[in-house]
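Have the 3D view open and follow along as each part comes up.

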Amino acid sequence: MPKVIHDRNKCVHCGICTSVSPDLFEDNGKITLKNAEYKDGIGSVEVEDDTSAKSAADACPVLAIEVK
Ligand code: SF4
């Protein structure tokens with residue numbers, strides 16, 4: 001399954017991903033990839049459909065979201 005990776009070390013908290021992909025990202029004081037465990041500022045989660053993740057990755061101004 002495709003993997004979505006969010007790097008908080010790069011994230012500038014602009015909130016675009018929470019608008020583009022609210023199914024994946026939420027703002028709870030920090031921008032958070034839902035259901036991801038974060039280690040050293042990096043969280044990842046596997047998704048069945050990567051359409052939303054790719055939209056978020058394309059929209060992120062600092063390339064803090066990656067889809068593999
Ligand atoms: S779009 Fe990128 S920089 Fe903006 S909040 Fe999301 S991950 Fe952070």
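The largest nonpolar core is made of 12 residues: Val4, Cys17, Leu24, Phe25, Ile31, Leu33, Ala53, Ala56, Ala57, Cys60, Ala64 and Ile65. A nonpolar core here means a set of buried Ala, Val, Leu, Ile, Met, Phe, Trp, Tyr and Cys residues joined through C-beta atoms within 7 Å. A residue is called buried if 20 or more other C-beta atoms lie within 10 Å of its own, exposed if 12 or fewer, and partly exposed in between, with C-beta atoms placed from the backbone. Both β3 (31–33) and α2 (51–59) supply at least two residues each to this core, and α2 gives the most, with 3 residues. Helices (H or I, at least four residues) and strands (E, at least two) are DSSP runs, numbered from the N terminus.

Before going on, keep in mind that this is a predicted model: local features need pLDDT of at least 70, side-chain atom pairs count only at pLDDT 80 or more, and totals for chains, interfaces and linings use all residues. Residues are numbered from 1 along each chain as its sequence is written.

Leaving aside residues up to four places away in sequence, Ile65 touches Val4, His6, Cys17, Ala56, Ala57 and Cys60; two residues count as in contact if their C-beta atoms, placed from the backbone, lie within 7 Å. Across the protein, 63% of contacts between residues at least 6 apart in sequence join residues at least 24 apart.

Step back to the whole chain. The protein has 2 helices and 6 strands, and along the sequence they follow the pattern β-α-β-β-β-β-α-β. The radius of gyration is 10 Å, close to the 11 Å that the globule rule gives for 68 residues, so the protein is as compact as a globular protein of that length. (That radius is taken over C-alpha atoms, and the rule is 2.2 Å times the number of residues to the power 0.38.) Of the 68 residues, 22% count as buried.

Next, the strands. Ile5 shows both pairings: it stands opposite Ser44 in β5, and its bridge partner in β6 is Glu66.

β5 also runs antiparallel to β4 (residues 37–39), with 3 bridges between them, and Lys39 stands opposite Ile42. The hairpin of β4 and β5 has 2 residues between the strands, and there Asp40 takes a positive phi near 55°. Asp40 is exposed, with 8 other C-beta atoms within 10 Å.

Finally, find the ligand. Of the 15 residues around it, Cys11, Cys14, Ile16, Cys17 and Cys60 come nearest; a residue is near if its C-beta atom, placed from the backbone, lies within 6 Å. This shell divides into 12 nonpolar, 3 polar and no charged residues, where Ala, Val, Leu, Ile, Met, Phe, Trp, Tyr, Cys and Pro count as nonpolar, Asp, Glu, Lys and Arg as charged, and the others, Gly among them, as polar.

Conventions
Two strands pair if DSSP finds at least two bridges between them.
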